[in-house]
Amino acid sequence: MTKQIPVEVVFYTKAGCHLCEDARDLLEEIAEETEYALTEIDIRSDREVFERYRYRIPVILINGETLLEGRIEALELAQAFQQARGE
Amino acid sequence: MAAQSIYQPRSYSASKSSIEGVMQKVSAFVLDYWALMITIVLGIIVLAALSVPLLTYLGLDTISKPIFYTLHLICAQIPSHSFYILGHQLGMCARNMAIYSSMFAGGVVFLASKKRLPGIPWWFWVLLILPMAYDGITQMFGLRESTWELRVITGTLFGLGNMWFALPFIQRTLKQALLDNGQAYAAMLAPQYAPVPPANSVNAPVPPTSGDEQDATNTPQQVPDSEPGAFSEMEE
């Protein structure tokens, strides 16, 4: 049995962001199939983070490496998870 | 005296069915208001894109979300390529906002000119759309990254070019088609509506007697200019 690498996901978002709601739905769909640790960050909570991501959200960071942003497609998110698990 | 449209529906037969009558009215309406309808649609798209951040700011997500998702049909809505109002993304990216706004503006100008705005030649139209093609394609293939200024400028040129070329072209084509159609139509009705000369008229036309004469079934009867109620009066 192969041991899966734990996946840590950081999700940068903001209230009133329609694309973020789509991205959240995709993350919930993936959560039904695989386990991962999710940290959701409202970009307005930190000025530096806000300046960095204000024109890019939703931003999903997987294991601190893979970065998906903007209009995120289900396929690219699934591929990013597979890559993060070492599959 | 009020200007009269050349697209007035013609009521030429009382026996026409009601469906044909309705179709005639609809087509006459479309011919009269096609440019206005296009401009209104463009205006609605621009207004919808502008309304998304305002509605979101007011907490009316139930309205703004469907508008935002509907606008995705015509725009990729990439956040980093978009403008923001009150901290919320517009319904369309900067390039598409420029395209649709300038097309809407072009439609308004065309209507303000009473559809008489002269068009541009095709090569000038191509010149106006080339900058956006270059900007978009080079960015799409990752050769370079565009800026919001370039997106707006090239999008505006593209939108204005399209309208400046297409609207006068459509108007010219429609006008010509209607004129051709009207002439053919008048020729078709001519024998039916040609006036019957008075029996005691000394200038009454002589009916054709041989094959060399005019065919009375599909050409207007010749009426002397001096004749009261001549055919020319029927057309006016």
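Modeller: Helices (H or I, at least four residues) and strands (E, at least two) are DSSP runs, numbered from the N terminus. This is a predicted model, in which local features need pLDDT of at least 70, side-chain atom pairs count only at pLDDT 80 or more, and totals for chains, interfaces and linings use all residues. Residues are numbered from 1 along each chain as its sequence is written, while chains are lettered from A and ligands numbered from 1 in the order in which they are written.

Colleague: Why do the end C-alpha atoms of helix H4 of chain B lie 26 Å apart?

Modeller: The expected span of a helix is 1.5 Å times one less than its number of residues. H4 (residues 122-140) has 19 residues and should span 27 Å, so the 26 Å between its ends agrees.

Colleague: Where is the kink in H4(B)?

Modeller: The bend at a residue is the angle between axes fitted to the seven residues ending there and the seven starting there. In H4(B) a kink of about 30° lies at Ile129(B), shortly before Pro131(B).

Colleague: Which residues of H4(B) are buried?

Modeller: A residue is buried if 20 or more other C-beta atoms lie within 10 Å of its own, exposed if 12 or fewer, and partly exposed in between, with C-beta atoms placed from the backbone. In H4(B) the buried ones are Leu128(B), Met132(B) and Asp135(B). After H4(B) comes Gly142(B), with a positive phi near 70°.

Colleague: How many residues of chain B are in contact with chain A?

Modeller: Contact requires C-beta atoms, placed from the backbone, within 7 Å. By that test, 10 residues of chain B meet 8 residues of chain A. Helix H2 (residues 61-71) of chain B gives the largest share of chain B's side, 3 residues.

Conventions: Contact = placed C-beta atoms within 7 Å.
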